[in-house]
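Come along as I look things up.

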Amino acid sequence: MDNYKKDDEMNIETTGLIEWPHGVNLDYFRTESTSYKDLDRFIHSYVQPEKPHLVDFGSGKGRIVFYFNYELDIPTTAIEVNRKAFGYLQNNYLNYQEKFPKKAEKLTILEEKAENYKIKKEDNIFYFFNPFTLKIFKKVIQQIERSLKEHPREADVILYYPGYDYIFYLEKYSMFSLLQTIKTPMYPVNNRECFKVFRYIPDK
């Protein structure tokens, strides 16, 4: 579906990039929205964990949290530290809430650093579209793992257009194992043009 049409359907505006000012917050990258075409393909192949609750780290204008909340009717949480991006996210939340008040009750937006977010025991899907450096990614994954040890549950890490450093870290040093690779609709030019889903399953 066309990005503008899908935005209109949800009463939000999530197109365009938001860059950090030069030299500011070098550990965090620009915000860019995942393609709706790719998301539509993804949700038709993705097998969710039980009682899904999605957290999007580096959510930008919020396309992921609104899309999953709207299409799958699941609770979602947006984490965004860029103040300009968070302003767009706030406006989108208010507009979405106006059109879909019941769905919006399951949606949370927070302006904070990803590594400062306290993982909740109900959080079990964690989405990343290359929002920050490997240093920050490691901290976030380690916090997720601490939560999974404290409150054992099945949980997923979803990477979109994943960097090799993220994949290598998850495969070699994390509690997660690769569950699914879902290619994007267009014929991929390289191996990064996909979603990778890593899952943790606690011992019984």
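Before comparing helices, I noted how axes work here: each axis is a line fitted to C-alpha atoms, for helices over the stretch in contact, and angles run from 0 to 180 degrees between N-to-C directions. I also reminded myself that the model is predicted.

**Entry: two helices**

I looked up helix H2 (residues 36–45) and helix H3 (residues 63–72), and found that their axes come within 12 Å and cross at roughly 45°. H2 and H3 are therefore oblique to each other. I wrote down the handedness too: H2 passes H3 in a right-handed crossing.

Which residues of H2 and H3 make the contact? On the H2 side I listed Tyr36, Leu39, Asp40, Phe42 and Ile43. From H3 come Arg63, Ile64, Tyr67, Phe68, Glu71 and Leu72. Sorting the residues of this contact gave me eight nonpolar, three charged and no polar.

**Entry: the sheet**

Next I traced the strands. I found an open sheet of seven, with mixed pairing, in the order E3-E2-E1-E4-E5-E7-E6. Strand E3 (107–111) and strand E6 (177–183) stand at the edges with a single partner strand each, so one side of each has no neighbour in the sheet. From one strand to the next, the twist averages 20°.

Last, I picked out strand E1 (residues 54–57) and strand E2 (residues 76–80). They run parallel, and four bridges join them. What stands opposite aspartate 56 in E2? I found alanine 78 there.

Key: Residues are numbered from 1 along each chain as its sequence is written. This is a predicted model: local features need pLDDT of at least 70, side-chain atom pairs count only at pLDDT 80 or more; totals for chains, interfaces and linings use all residues. Side-chain values use heavy atoms; hydrogens and water are left out. Two strands pair if DSSP finds at least two bridges between them. Angles under 35 degrees count as roughly parallel, over 145 as roughly antiparallel, 65 to 115 as roughly perpendicular and the rest as oblique. A crossing is left-handed if the near helix is turned anticlockwise from the far one by less than a right angle, and right-handed if clockwise. Contact means heavy atoms within 4.5 Å. Ala, Val, Leu, Ile, Met, Phe, Trp, Tyr, Cys and Pro count as nonpolar, Asp, Glu, Lys and Arg as charged, and the others, Gly among them, as polar.
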